Amino acid sequence: MASGSHPSGFNPHLPGFRYQVLSKLLGASMWFFILYRAREDGPKLLGLRHPWEGHGHHDEHSEGH
Amino acid sequence: MYLSILIFPLLASFVSGFLGRKIGITGSHILTCTCLTISSILATIAFYEVGICGSPVSIYLFSWIDSELMSISWEFLFDQLTVSMFIPVLYISTLIHIYTTSYLSEDPHNQRFFSYLSLFTFFMLLLVSGANYFVMFIGWEGIGVVSYLLINFYYTRIQANKAAILALTMNRVGDMGLSIGFFALFAFFGSLDYSTIFSLASYMNETALTIISLLLLMGAMAKSAQIPLHSWLPGSMEAPTPVSALLHAATLVTAGLYLLVRSSPILEYSPTALLIITLIGSTTAFFAATCGLVQNDLKRIIAFSTISQLGYMVMAVGLSQYNVALMHVVNHAFFKALLFLGAGAVIHSFADEQDIRKMGGLIKFLPFTYTTMLIGSLSLLATPWLTGFYSKDLIIELAFGQYAFSGIYAYILGSLTAGLTAFYSFRLISLVFLTVPNGIKKVYLNSHESNMAVVIPLAILALFSIFF
């Protein structure tokens, strides 16, 4: 994976493309899930809304619902 | 199908152990991993049938001891608790078998190791699927013996010898209390069958039930490393890392929790025993967290973290929240196994160095391992909406809602422990991955990520720590 030597003489094996992509995918999945759930359930966790008051970004329900 | 869930690991163990020279290392790998995978698939089907569709299964094989009043049979019960334990045990065992094919690839005793791992899995499955305390005890002793064999895997090391003997003898102390508990159960109930005992528990004298509960607690304290029978767990880090991940994070240490949850119909009629369980659990959680703050060995930090989380689970049992305790058992199994396997990957890539003060700066070299350990740590911290949050936070809330001294004591210690957990977890992440490099230059030059046999189990466990 080395693409030329560094003047200091320290040329480690850096991780390959697969590992970097996989690590970013995994980390992104985690943060996406946390932030998504934060949007859905955050107000309920912080006590700003009751759990029975419906989900975050929907409009008010119609009477017949 | 249900008995084959137990038979496949036993078969793999026997063939790998006795015919290891015939089938070779590769044959042992393929056989054990395949048998465990099949068992996992069958356990998933069993979980759907029993856990979700609600149809428990009871299998009577044959009578074993038939002596006047004592009648013990080989009988198995697959109810919701059993299949809930099957899932973490088998999934994690399968992933660890796959992980070990790479981790111990240079070890000449692979067949023996895989035989022990599969044998341990069999005994653990036997423990959770028994329909009476005697069959459970066979599994209980079996996992104790196999844990000795696994901790002492490097049997030429004196430290491994000492650690294995310490684990075995401390567990024997608990087994003594457990055995006397079984004597008491038989004396009062005339049987060791779960169905007989639990249906009669409500008619029994409270003092008798308290004594029985405390004796059963003694066994659980040793197996689940509660104070004062906890010191064998950090010592058992002498074992290879897959052993730490399987036994000392996910399965063996949860056997005590299983015993308490299974015995809940007895515990519920003894408020004294529940009080003592709550106090022991919360004290253990806090004490172990304070010990983890000052450790420098990577695996020992995670070991003390395990003791601390086991304290949370025992605390939940003491608060009569058995389902929450079981939920934390399952969640903890996944993220703690992830942390141990990640630690193994770090150790392997860093010339078997285990002191975190001699690491540092590994995020550039091990980005995938860093991500998985970060996920495991965040789940351990009960970061909102990861798996650990749902169980750990609920335990602390339930302690607050108890409105008794024991509940407030558990709440305060549980909250303090959560803070300490955050501290030592991020101390670990920081010193290993984020801070300036403190190790030898040559070690960094050779540091690299592990191959797919390590990456795939880490990825799967990470997903289970996020979404399970």
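This is a short exchange about a predicted model and the contact between its chains A and B.

Modeller: Local features need pLDDT of at least 70 and side-chain atom pairs 80 or more, while totals for chains, interfaces and linings use all residues. Residues are numbered from 1 along each chain, chains are lettered from A, and side-chain values use heavy atoms, without hydrogens and water.

Biologist: What is the mean pLDDT of chain B?

Modeller: It is 93, and 100% of the residues of chain B reach 70 or more. The scale, the predictor's confidence in each residue, runs from 0 to 100. Helix α19 (residues 441–446) of chain B has the lowest mean among the elements of that chain, 87.

Biologist: Why does the span of helix α20 (residues 452–467) of chain B agree with what 16 residues should give?

Modeller: The expected span is 1.5 Å times one less than the number of residues. That gives 22 Å, and the end C-alpha atoms are 22 Å apart, so the two agree.

Biologist: Which residues of α20(B) are buried?

Modeller: Among them are V454(B), L458(B), L461(B) and I466(B). Buried means under 20% relative accessible area (1.4 Å probe, protein chains only). The buried residues pack against α1 (17–45) of chain A, and against chain B helices including α3 (80–103).

Biologist: How many salt bridges cross the interface of chain A and chain B?

Modeller: The rule asks for a side-chain nitrogen of Lys or Arg within 4 Å of a carboxyl oxygen of Asp or Glu. It finds 0 between chain A and chain B.

Biologist: How many residues does the contact take from each chain?

Modeller: Contact means heavy atoms within 4.5 Å. It takes 22 residues from chain A and 28 from chain B.

Note on methods
Helices (H or I, at least four residues) and strands (E, at least two) are DSSP runs, numbered from the N terminus. Buried means under 20% relative accessible area, exposed over 50%, partly exposed in between (1.4 Å probe, protein chains only).
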